[in-house]
Amino acid sequence: MTSLSVLAQATTGSTSEVVLFVVFAGIAIGAGIGMVAMRNIVHGALMLVINLLSLAGLYLLLQSSFLSIVQIIVYAGAIMVLFLFVIMLLGIDRDDLLVEVSPVGRGLAVVAGLGVVAMLGWGLIGPYTSSASVCDPDAAVVHTSDTQTCAGMDALLDQAESGSVEIVATDLFTRWTFPFEASALLLIVATLGAMLLGRRHDTDPDDDPAWEPSMRLPDTDDTGSTGDGPVDGDTTEGPAEPGDEVDEVEPDTEAPDDAPEMTPLGHDDAERDDAERDDAEPVAVGGDTGVGANPAPGDAGDDATRGRDA
Amino acid sequence: MPIGAYYLVAAIMFATGLVGILVRRNLIVLFMCVELMLNAVNLTLVAASRMWGGADGQVFVFFVIVVAAAEVVVGLALIVNIFFRRGSLDVDAQHLLEH
Amino acid sequence: MGALPMHVLATEATEGGEAVVNAVMTADGVLSLVWLIPLVPLLGFGLTLALGDRVRHWVAIAATTFSFVMAVLVFFAVQGQPDSYVATLAPFIEVGTFRVEWAFLVDQLTTVMLLVVTGVGLLVHIYSIGYMEGDSRYTRFFAYLNLFLAAMLVLVTGSSLLVLFIGWEGVGLASFLLIGFWFEDARNSSAATKAFVTNRVGDVAFMIAMFFAFSQFGTLDFFTADHTGILEQAGVLSATGALVLGLLLLFGAAAKSAQIPLFVWLPDAMAGPTPVSALMHAATMVTAGVYLLVRTSPILVQSLDAMTVIAWVGTLTALLAALIAMRQDGIKKILAYSTVSQLGYMVMGVGVGGFSEGIFHLVTHAFFKGLLFLAAGSVMHALANTESVWKMGGLRKIMPITFWTSFAAWLAISGIPPFAGFFSKDQILATAYDHGFVAIWVIGVVTAALTAFYMTRWFALVFLGEPRWREGQEVSDPHGHGTTELHPHESPTTMTAPLVVLGALSVVGGGLLNFTHGGRLYTWLQPAVASIADLGLPEHGALSELVLIIISVVAAVIGIIGGFMLYGPQRDLSLGSSAEPLRGPAAELLERKFFIDEAYSAIFVGAGGWLARAAAWFDSTVIDGAVNGVAGVSLWFGQESRRAQTGRAHTYLGVVVGSVVLLAVVLIVQVR
């Protein structure tokens with residue numbers, strides 16, 4: 001059929017719907033292409049945000065106001081923000097790699113895309129774009145055998161008091177309860193996974209000079225009633241330091257878990273820290289080391305010098 | 001508007017995302033193109049929901065959004081890990097998938 | 001003896017050897033035990049090997065004596081009964097319609113063979129006590145001798161071609177073991193291998209003959225209960241079938257009995273110990289072929305062409321071997337070629353229709369040739385295993401027993417009456433002449449003269465004249481045991497006693513057995529051999545029997561005189577082999593055995609080698625190449641397929657996208 005007749009049919013229906021559709025659809029498509037073509041990743045992400053917002057507008061036109069709001073809040077407002085967080089975090093705001101894809105590959109990909117559009121269009125244009133497919137129950141339409149009719153959401157919306165929200169909620173909490181609960185479980189799992197994946201393993205606070213302890217306890221005396229423990233009891237290092245005399249007399253008086261231990265931020269392995277501390281500090285330094293890992297690692301340098309001085 | 005128009009828009013968006021996947025080499029951009037394709041499907045579903053006059057499509061879209069959110073969270077965490085391990089986000093980097 | 005399930009079948013033989021099955025007769029005590037005759041030496045073989053050096057020769061000799069005594073008893077049991085007896089022990093093979101049983105046949109022919117084999121076997125066993133004394137594998141020698149005896153006895157008593165063939169192969173094995181008895185010398189081993197391989201060629205022909213016989217007759221038994229034995233229904237053969245079967249049997253016999261073209265193994269077989277040469281390669285094993293031909297004579301008489309071929313093969317072999325023997329220098333080599341020549345006579349006799357005459361010559365030949373070999377062994381024993389006749393001579397006074405027995409054997413083989421060989425050889429020649437084979441007769445007479453000549457040469461060089469050795473001379477041992485001093489003396493009694501026995505038989509044996517052409521042995525053997533009445537051969541030739549006798553005696557005398565003229569004691573032969581009077585290119589040809597061995601080597605070994613190399617090339621290049629090529633193809637395929645695994649995400653993405661698009665197209669096309 002000629003493009004003119006398509007246009008003629010396409011413009012059947014209320015004028016405002018047509019205008020708004022053209023605007024939103026155009027923005028969506030343009031933003032999509034822009035996102036793909038942009039070299040700057042941040043700009044691309046912003047393009048995607050525009051696309052999502054225009055999609056929200058399209059949802060409004062499709063009489064599902066609930067979903068349009070959900071789209072804005074969740075998709076554009078949370079997911080894309082997350083994207084931007086990561087982009088900023090990794091500091092890769094400029095993508096120079098776009099140029100390295102070979103022109104042949106790019107050309108083929110474009111051809112594939114056009115092919116997909118053509119294929120889908122061939123399937124859609126005709127049955128779905130005729131005047132019978134207009135979702136206006138009042139308009140006079142001609143129904144033929146190979147066209148799809150559009151029922152529209154008016155009937156459903158008339159029944160619901162709260163509109164689109166009630167329509168979705170009714171099904172969600174009655175018929176689709178199990179998937180709903182399952183998706184809740186999915187979200188929990190995803191959260192846990194993200195937390196696990198986002199752990200930092202490699203950087204040892206002992207090696208990170210910028211790390212500052214979040215909690216610092218005051219210095220206690222060197223007698224170290226709580227100063228003994230893991231450092232002295234189980235290592236053979238530091239045999240002849242004068243500061244160790246007291247500690248060596250009482251090798252196993254205190255177990256490390258007697259002392260209140262504070263886990264520094266990002267560390268969840270107190271024992272490992274103890275071992276590292278043992279390696280780092282052959283010399284028993286007194287009460288500071290005894291009370292726990294907290295002050296010692298951070299003061300490794302200080303404690304070591306102090307120990308040696310002592 | 002005939003309902004097919006919405007379908008066509010969705011098709012164009014989907015194709016755009018597809019081209020983006022095939023062309024771009026940056027992992028994050030790849031991810032965003034996948035999101036674009038998901039949204040195209042969402043649009044199709046909502047339009048279909050209107051066409052049939054039922055709520056099923058919209059419920060489906062609801063779940064798609066939930067799953068997409070979860071997927072993005074985990075995926076971005078993975079991307080961060082990949083970046084810190086390799087130093088680059090080039091998906092065509094040598095032996096990316098072979099290790 | 002009723003405990004053993006036995007089936008004894010008696011066939012009543014009429015004049016001319018056509019067997020008609022009579023009623024089943026119960027077995028006489030001895031005849032039903034005929035299977036003990038081969039079994040006891042077999043047990044002797046096993047026991048001797050198992051008990052080792054403790055028993056030395058006693059078990060073997062006891063076993064052989066037992067078999068000899070049993071053979072004598074069988075002889076007396078068969079006397080006066082013109083029947084063939086079959087004693088069945090147990091079934092052997094039963095496949096469909098093919099049945100073979102462990103069955104033993106006893107008739108006059110069998111009895112003759114039994115007596116010869118066990119008698120000469122016993123004498124050789126006794127001889128070996130003295131000859132093999134001091135050998136490191138003394139006991140094993142006797143074990144092998146018993147094994148040979150067992151196999152040979154199975155051969156002559158076998159009641160079907162297959163059982164005969166088992167014995168046939170068994171003697172081949174024993175021959176291999178015994179020829180290569182001193183295997184430390186590689187020449188002995190290769191001689192043993194040559195014997196075995198050459199016999200194998202004949203065995204193939206024998207097997208094809210068996211297949212053919214089975215296809216024609218449906219059985220391999222000589223006699224069966226319902227007249228369907230191969231000797232009973234020989235008439236079902238067509239002319240071509242009879243010719244084919246006859247020629248196949250001839251070829252099989254030619255290997256064992258050293259006829260053209262498969263005689264080349266026998267001279268080399270002299271590498272074995274002398275008792276082996278005497279027993280196997282003079283008296284028994286080589287006669288197996290002749291026995292086979294005589295046993296299957298009902299089949300042979302179906303085809304005059306086959307018999308003519310057989311006769312000519314025998315004649316030419318006799319002539320050729322006699323010529324070669326004239327110029328050989330080894331004491332045993334001369335006798336070996338003489339054996340080939342005499343076997344040619346026997347085959348000639350079979351071919352012209354003189355079956356009984358052939359067997360008669362077989363018997364007398366066992367006497368004098370066995371004696372000659374044992375005497376040669378005695379001489380070698382005295383002269384520290386010297387082999388060349390040019391290093392002997394002058395032994396007449398030193399070894400009197402050996403000398404006089406050899407004298408008797410020499411006259412016997414030369415065909416001088418009244419010694420044994422005269423009767424048998426002359427009767428064969430007379431049969432040839434009477435049945436119209438005049439050319440064969442002429443060649444036979446000439447060969448008889450040659451035989452007398454070279455045997456005289458042998459006798460004169462070994463025993464007569466001045467000794468060509470010195471007392472106390474140091475000679476190197478041919479077996480590589482260093483050097484020994486020569487002190488020739490007569491051999492011990494264990495060695496000379498068998499000589500005397502055989503010497504006596506060589507003197508009187510011929511006359512006793514078959515004084516005239518239709519004498520005792522001839523008449524006795526008639527039921528066991530085929531009648532030639534249907535062949536249409538003439539009964540008598542132009543010349544009378546007496547004239548023929550005179551002619552052959554004259555030929556023999558001429559040969560003897562010639563031998564004495566050239567090699568007699570009056571000539572000065574002290575120079576050794578350079579004093580050989582026969583010289584010139586013709587003599588050279590004879591000495592080199594007409595280059596037959598070299599020709600065989602070049603043709604068969606060369607061709608076989610070429611074939612083997614070609615096959616090896618084919619195997620390594622084509623077949624291995626194909627197999628490796630398959631592996632290579634799959635390897636290449638794998639390596640090329642590996643390229644699909646690029647490790648690049650975009651490749652996989654592209655593949656996924658493409659596939660999805662394709663699927664979608666299909667779906668949409670279906671919907672639309």
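Where is the place of P418(C)? Select P418(C) and you land in the loop between helix 15 (400-414) and helix 16 (420-434) of chain C. Helices here are DSSP runs of H or I with at least four residues, numbered from the N terminus.

Before going on, a word on what you have open. This is a predicted model, where local features need pLDDT of at least 70 and side-chain atom pairs count only at pLDDT 80 or more, while totals for chains, interfaces and linings use all residues. Residues are numbered from 1 along each chain as its sequence is written, chains are lettered from A and ligands numbered from 1 in the order in which they are written, and side-chain values use heavy atoms, with hydrogens and water left out.

The peptide bond joining P417(C) and P418(C) is cis, with omega about -5°. Most residues other than glycine have a negative phi, and most peptide bonds are trans.

Now jump to I260(C) and P261(C). The bond from I260(C) to P261(C) is also cis, and its omega is near 0°. P261(C) lies in the loop between helix 7 (239-256) and helix 8 (265-268) of chain C.

A258(C) isn't a glycine, yet its phi is positive, about 55°. Is A258(C) buried or exposed? A258(C) counts as buried, at 0% relative accessibility; buried means under 20% relative accessible area, exposed over 50%, and partly exposed in between (1.4 Å probe, protein chains only).

Next pick A384(C), in the loop between helix 14 (355-382) and helix 15 of chain C. A384(C) has a positive phi near 55°, and its relative accessible area of 15% makes it buried.

**Stop two: chain A against chain B**

Show chains A and B together. How many residues does each chain bring to the contact? Chain A brings 87 residues and chain B 68, with contact meaning heavy atoms within 4.5 Å. About 6,800 Å² is buried between the two chains, 79% of it from carbon and sulfur atoms; buried area is the accessible area (1.4 Å probe) that two parts lose on being put together, summed over both. Highlight L62(A), Y75(A) and F83(A): these three supply 10% of the area that chain A buries against chain B, more than any other three residues.

For charges, zoom to E17(A) and R50(B), whose side chains form a salt bridge at 3.4 Å, N to O.

Then colour chain A by helix. Helix 4 (65-90) of chain A gives the most to the side touching chain B, with 14 residues. That side divides into 62 nonpolar, 18 polar and 7 charged residues. Ala, Val, Leu, Ile, Met, Phe, Trp, Tyr, Cys and Pro count as nonpolar, Asp, Glu, Lys and Arg as charged, and the others, Gly among them, as polar.

**Last stop: chain A against chain C**

Chains A and C bury about 570 Å² between them, 82% of it on carbon and sulfur atoms.

How values were computed
Helices (H or I, at least four residues) and strands (E, at least two) are DSSP runs, numbered from the N terminus. A salt bridge is a side-chain nitrogen of Lys or Arg within 4 Å of a carboxyl oxygen of Asp or Glu.
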